[in-house]
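The reader may wish to keep the structure in view while reading.

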Amino acid sequence: MHLGKRSSPDASAYLLPTVIAGGLALLIFIASRFLNPLWLVHVGLLTSLLAAHRLGLSRGLLFALIVSLGIVSPLIATTTSWLYPLNMMAGYGLVALIVGASTDQIRRQNRQMAEQQAQLLQMFNEYETIFNGTQSAMFLAEVTDDHAFRYLRNNQTHQKATGLTLCDLKGKTPHEIAGDEQGEIIAQRYKKCITSGRSLRYEETLVLAGEEKTWVTVLSPVIDADGRITHIVGSSEDITYRKTMQQQLETQQKQLREDNQLLQSILDHAPIGIWLVDREQDPILVNHAFQAATGLGTEALSLSNAELKTCKETDEITLEQGTPQEFEETITFTDGRRHVLRTIKAPLHDDSGDTIGVLGLGLDITDQKRQEAALRENKEKYRSLVENLNEIVYRLDRDARVTYVSPNITPISGYEPGEIIGRRFTAFVHPDDQEKRRPQFENAMAGANDPTEYRFVKKDGSIRWVRTSARPILRNGQAIGVQGVLTDITERKRMENRLKDNEEKYRALVEQSTEMMFLHDLDGNFLEVNRAAVHHTGYRQDELLNMSVFDLLATSDSEASIRSQWIKWGAGSRPLTIESKYRLKSGEIISVEISTGKIAFGGDAYILALVRDITERKQFEEALRHKSFHDRLTGLYNRHFMEEELERLDTRRQLPISIIMADLNGLKLVNDTYGHHTGDKMLKRAANLLKTCCRSEDLIARWGGDEFIILLPKTDHDAVERILQRIQDDSQEAFISEIPFSITLGSATKTADRPDRHLKRVLAEAEDEMYRYKLIASRSQKSAVVNTLLRTLQEKSFETEQHTRRMKDYALLLGQALGLPTQHLNHLGLLTRLHDIGKINIPETLLTKKGTLTPKEFEIIKKHPETGYRIALATDEFAHIAQDILAHHEWWDGTGYPHGLSGEAIPLLARIIAIADAFEVMTNGRPYRPPISKDDAISDLLRGCGTQFDPELVTLFADCLAHANHRVRRSSD
């Protein structure tokens, strides 16, 4: 919207009001002969008033003057009481003046509001540019009063990735968008984000727009001025390409571990296309993968076909060069699809060294090329950046010096942004890559956005591969620098190198196998064996050649059945793969995987067997199976296993079936106070308690960090209540490191009268009941833990009740002198009790040491404010004094700890506690220092004014003590 200035009125703007005013004056003159004069005054001046408001101050006053004159003239002629109308006219004129002035003021305010609206619109447009210009998929969800979530909007990247337009998404809940099951998972993550009040990062695999993709999502809470979380902002990055690369790598590694098959079998079942042509480029063979991909068989393959012209040209290049060559070739398959192949072609030689043909291997990289093209397109869309993006944003001036770099440079480079800004970007480029960097910078200044890759030298001297692209920053049409993004591609480079290595290993596998290979006849008699067979079995080659397949078998496999299968096979059939056991010469029995293929030579049939030792794999699979279903810490079943059991046991024959949800109270507080080692003890203790209280047929699993789930088939509500009571009774007698043990429980039962209710719904009901009880139990448990900590601290240090009481008296004396409200005085009293609770983790020998602390010991002591801060923050009723606990050892001059706060940046209550604590220690003494008089203690406090203590508070405290002592002396007199 454009708001221009209001133009000044010209002479014609006053013409119409003047004519109207003159006409009114004439009419009033005539009417004055017949009407009441006072009534005419009111009518005329009211008209003037309306004109002043409508026309503005200048024109309105002119109109009022004309009409007033028109009224006055007949009034003077027709009445002797003319003074009253003149007074009325003057009053109305003054009102007209005020209204006109007010109108001008309103118009100025309107112009200011229009300018502010324009600024807001500009800011909104800039926000929209960033929101819809980022490569990350972003969305905004509103947190309703009942902690539900409704989506408000999503950006273009999110719409493209999910297929959900703004209309599809807006106002919907996760359950309405993703369905009940997936929506519940999403909602739980959102709840976890708002419960913690911090950003939440996780990885998930979703089917979006008909395509399965893997994302890394970051949820961030939006907190209003009242501290409430009102919205959640989500940002997702598509890592499908990286996952795909990893899967390709895993597939190729698995292929390397597969059985060493007969060469023909390997060719026929290889995951990539393999073909062989002679010197004249006539086909000799093609494998199944090539035939399936192209739709061409051996008899239909003609290299003179225009569709395969590229293959023919690259074959000629390979023959001409005489060495292996790598190409990227675009081929149109018989169904009309155009695919890009990465091919490796090598010339074949006979025994005399003459070239007899070309061997080709082709990998379809069409999807990879599409992804790379999409990546380049997304790079073009990047503009200015926000800090939650994964890429690093930077700006360089015309001299290639860094003027800005986003904070996320530190994890990649080891440098803080301030260490990079002001230096040339080439200072961080590997010396071997320096030569090409300056031209790339100049090209970016000229407007060429050519992505480039180079090695970045970290602060510690190590190397990271990065990819960068940049655009010029223009001012008045001139480039004054560049702005770009930097992406860490080290992992991608490593994967590419590993893929390349795997391709070389695969070619070596074709030429020579390192696994056991046996060639035998249809009776099982060995005809040929490789070195790997000799090595693995322990038999000499001549011994093996006098043996049969069945001599190695350690199991009672049916010899007749195996021979029958061999006879039924045709040459070139798919290999038969079985698992069996071999007995080695040493007597050791190993697990093997045998892949056999039937081949024909000279009219006779033979069997080629590739045998692989899979003993370790079998052992690993068994261990992995156990780990996949059990929690490592507690030994209970894990969540994955229990989710499968919920599906498996959700049948009528298991009814009634009950679920118990258990939550270990106070775990976070214990972790923050005593460390995760003690927290792990609590978890193990909880697991053992649940196993003791439940039956052998009940299934117990660790559901989350501090949550457990118990599945009880064929168990009604009354039986569950008895188990719950046993758990509650046993938990009341349990302690960990003198900390009371507490578990909150909830249960629900699926009965035969509602067999269609899914067990996941029953689980949700048990969880809801558990959370209702937890709201009460958690607060009580945390308070009990804190009280235990205080008692323990009193036993191991000088934080006695007397010390706390004296400190409280001094602190309240000063707080009352300051006029603090009752609420703050209550906080001050609580702070005197909890200010040193962080010392609970400090060894007693340090707390009671009489001599001077060493620097190392003092560093340990200095940690107690932060420990106390975490303990208070983990407890709702103490969280409001957490910042005061953290700052009670800060000094006025900024030399205190832990954060070096100074002056009024230190919270007021913390400054009061520092004075009260110091005075109490000085006047009552400690093993490492004798007590001194109150006068001497006041003198010490005054000497610390401006350094350790707030000068005004110390002065006021000294006055308060003086008056208090004076009152004591007067009462004694």
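In this predicted model, helix α28 (residues 801–817) and helix α34 (residues 908–924) have axes that come within 9 Å and cross at roughly 130 degrees. Angles over 145 degrees count as roughly antiparallel and those from 65 to 115 as roughly perpendicular, and α28 and α34 are therefore oblique to each other. Their crossing is right-handed.

On the α28 side, the contact is made by His803, Arg806, Met807, Tyr810, Ala811 and Leu814. On the α34 side, the residues taking part are Ile912, Ile913, Ile915, Ala916, Asp917, Phe919, Glu920, Val921, Thr923 and Asn924.

The crossing of α29 with α34 is right-handed.

Which residues make the contact between α29 and α34? From α29 come His824, His827, Leu828, Leu831 and Thr832, and from α34 come Leu909, Ala910, Ile912 and Ile913. This contact of α29 with α34 has 6 nonpolar residues, 3 polar ones and no charged ones.

Ile912 and Ile913 of α34 can be followed through both descriptions: they take part in the contact with α28 and in the contact with α29.

Note on methods. Residues numbered from 1 in each chain as written. Predicted model: local features only at pLDDT ≥ 70, side-chain atom pairs only at ≥ 80, totals over all residues. Heavy atoms only, no water. Axes fitted to C-alpha atoms, helices over the stretch in contact; angles between N-to-C directions. Helix = DSSP H or I, 4+ residues; strand = E, 2+ residues; numbered from the N terminus. Parallel < 35°, antiparallel > 145°, perpendicular 65-115°, else oblique. Left-handed = near helix turned anticlockwise from the far one by under 90°. Contact = heavy atoms within 4.5 Å. Nonpolar A, V, L, I, M, F, W, Y, C, P; charged D, E, K, R; others polar.
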